[in-house]
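User: Hi! Could you walk me through this model, one question at a time?

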Amino acid sequence: MRAQDILASAGPQAEHIEALWWIMLLICTAVFVAVLLALAWALLRAPRGSPATPPDLSSLALPERGAAIVVAAAVALSAALLVYLTLASYVTDRRLASLGAPAVQIELTAHRWWWEVRYMDADPSRIFTTANEIHIPVGKPVLVTLKADDVIHSFWVPNLAGKKDLIPGRDATLTLQADVPGRYRGQCAEFCGVQHAKMALLVFADPPEQFEAWAASERKPALEPASEEESRGREIFVSGRCAMCHAIQGTMASARKAPDLTHFASRETLGAGTVPNSIGHLAGWILDPHSIKPGVNMPANPLDPDELHALLAYLGALR
Ligand SMILES: [Cu+2]
């Protein structure tokens, strides 16, 4: 995975922001150094002597006209730099708004403390939902509609785009594009409660064919159980309280309070990027999610070992 870094942009949106960042840094550094040099110059020229004998200031003064020219030039340069920085940020904003027509449209809803990801389509039968991990095709513009459920969050994948808030009742949009295939980490950038720091998301930029294959498999309902044990796992999931919060397409479980688990085994992480999606972590998560993510909105589930194994077998097979 690439380092989560605004100075390692992997797409046009992040490149515009990175360019502006460098311009600001260079200009501000140059101004800072110039001011310090002027200060040092003034200090070095300051007359020395005991406080009792007031220094003779007349020897210091530049000729009147010379001083006026220096001051006027400094004022003009400062004004010009400020206007330039304002224009540069305006132009960056325009460029960010000019990414072409989107090839993929995603509706991203932030919850405490996870991300619901819905791939939109004009044909409703092609819409599907997943969580915490976003796949996008490399080189294609993606439009993300940002929504929030219960608190203000902020979407930020530094290598791909700037930050934008997700505010309940007030949809916003953000466009992004990845030009380099890879896996990019993002996170919530607005303090939203105890588990704010464990509210990451991953963006996978896949070659277009691979993206299409992934989307086609996500659109399918969950795989049917392949063994006696998996069947029992599905039974426990659907008849127990899991189904009060979670959905698994193709079963009776259809709640939307929690991540959609239809293709849960195809995700790399568990609990919004908190731990790898391995069987050990999954077992710990189901028994006591608070040990992994304290304060999380999922209750502990004291299950018999048999029940737990059946659930693990079923969820682990939901590719
Ligand atoms: Cu948040």
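**A tour of the predicted model**

Analyst: Happy to. Strand S9 (residues 182-188) holds tyrosine 184, and this is a predicted model.

User: Is tyrosine 184 buried or exposed?

Analyst: A residue counts as buried when 20 or more other C-beta atoms lie within 10 Å of its own. Tyrosine 184 has 28 such atoms within 10 Å, so this residue is buried.

User: Which residues does tyrosine 184 contact, leaving aside neighbours within four places in sequence?

Analyst: Tyrosine 184 sits in S9, and neighbours within four places in sequence are left out here. The contacts that remain are Arg2, Ala10, Val157, Asn159, Leu160, Val203 and Ala205.

User: What distance separates the C-alpha atoms of tyrosine 184 and lysine 164?

Analyst: Along the chain, tyrosine 184 and lysine 164 are 20 residues apart.

User: Which are the edge strands of the open sheet of five strands?

Analyst: The order in this sheet is S4-S10-S9-S6-S7, and the pairing is mixed. On average, neighbouring strands are turned by 25° against each other, direction ignored. An edge strand pairs on one side only, and that holds for S4 and strand S7 (164-166).

User: Which residue in S9 stands opposite phenylalanine 155?

Analyst: Strand S6 (residues 153-156) pairs with S9 over two bridges, in the antiparallel sense. Opposite phenylalanine 155, the residue in S9 is cysteine 188.

User: How many residues of strand S4 are buried?

Analyst: Side chains in a regular strand alternate between the two faces of the sheet. In S4, one side carries Glu133, His135 and Pro137 and the other carries Ile134 and Ile136, and both faces are covered. For strand S4 (residues 133-137), the buried count is five of five.

User: In S10, what is the bridge partner of proline 137?

Analyst: S4 and strand S10 (residues 200-206) run parallel and are joined by five bridges. One of the residues in S4 is proline 137. The partner of proline 137 in S10 is aspartate 206.

User: What angle does helix H3 make with the direction of S4?

Analyst: Helix H3 (residues 208-219) packs on the sheet and touches S4 and S10. Between the direction of H3 and that of S4, the angle is about 135°.

User: Moving to the helices, how does H1 run against H2: roughly parallel or roughly antiparallel?

Analyst: Helix H1 (residues 12-45) and helix H2 (residues 64-96) have axes 9 Å apart and pack at an angle of about 170°. Angles over 145 degrees count as roughly antiparallel. H1 is therefore, relative to H2, roughly antiparallel.

User: How many charged residues are in the contact of H4 with H8?

Analyst: Among the residues that meet are Glu229, Glu230 and Arg232 in H4 and Glu307 in H8. The contact divides into seven nonpolar and two polar residues, while the charged ones number five.

User: What separates the centres of domain 1 and domain 2?

Analyst: Domain 1 covers 1-39 + 72-209, and domain 2 covers 228-316. Taken over C-alpha atoms, their centres are separated by 31 Å.

User: How many residues does the contact take from domain 2?

Analyst: From domain 1, the contact takes 16 residues, with strand S2 (114-119), strand S3 (128-131) and S10 each supplying at least two. From domain 2, the number is 15.

User: Which residue does a cis peptide bond join to arginine 112?

Analyst: The loop between strand S1 (104-111) and S2 is the place to look. Omega is about 0° for this bond, and the partner of arginine 112 is tryptophan 113.

User: Is asparagine 132 buried or exposed?

Analyst: Asparagine 132 lies in the loop between S3 and S4 and has a positive phi of about 65°, although it is not a glycine. Because 22 C-beta neighbours lie inside 10 Å, asparagine 132 counts as buried.

Key:
Residues numbered from 1 in each chain as written. Predicted model: local features only at pLDDT ≥ 70, side-chain atom pairs only at ≥ 80, totals over all residues. Buried ≥ 20, exposed ≤ 12 C-beta atoms within 10 Å, placed from the backbone. Helix = DSSP H or I, 4+ residues; strand = E, 2+ residues; numbered from the N terminus. Pairing = 2+ DSSP bridges. Axes fitted to C-alpha atoms, helices over the stretch in contact; angles between N-to-C directions. Parallel < 35°, antiparallel > 145°, perpendicular 65-115°, else oblique. Contact = placed C-beta atoms within 7 Å. Domains from an automatic or database assignment. Nonpolar A, V, L, I, M, F, W, Y, C, P; charged D, E, K, R; others polar.
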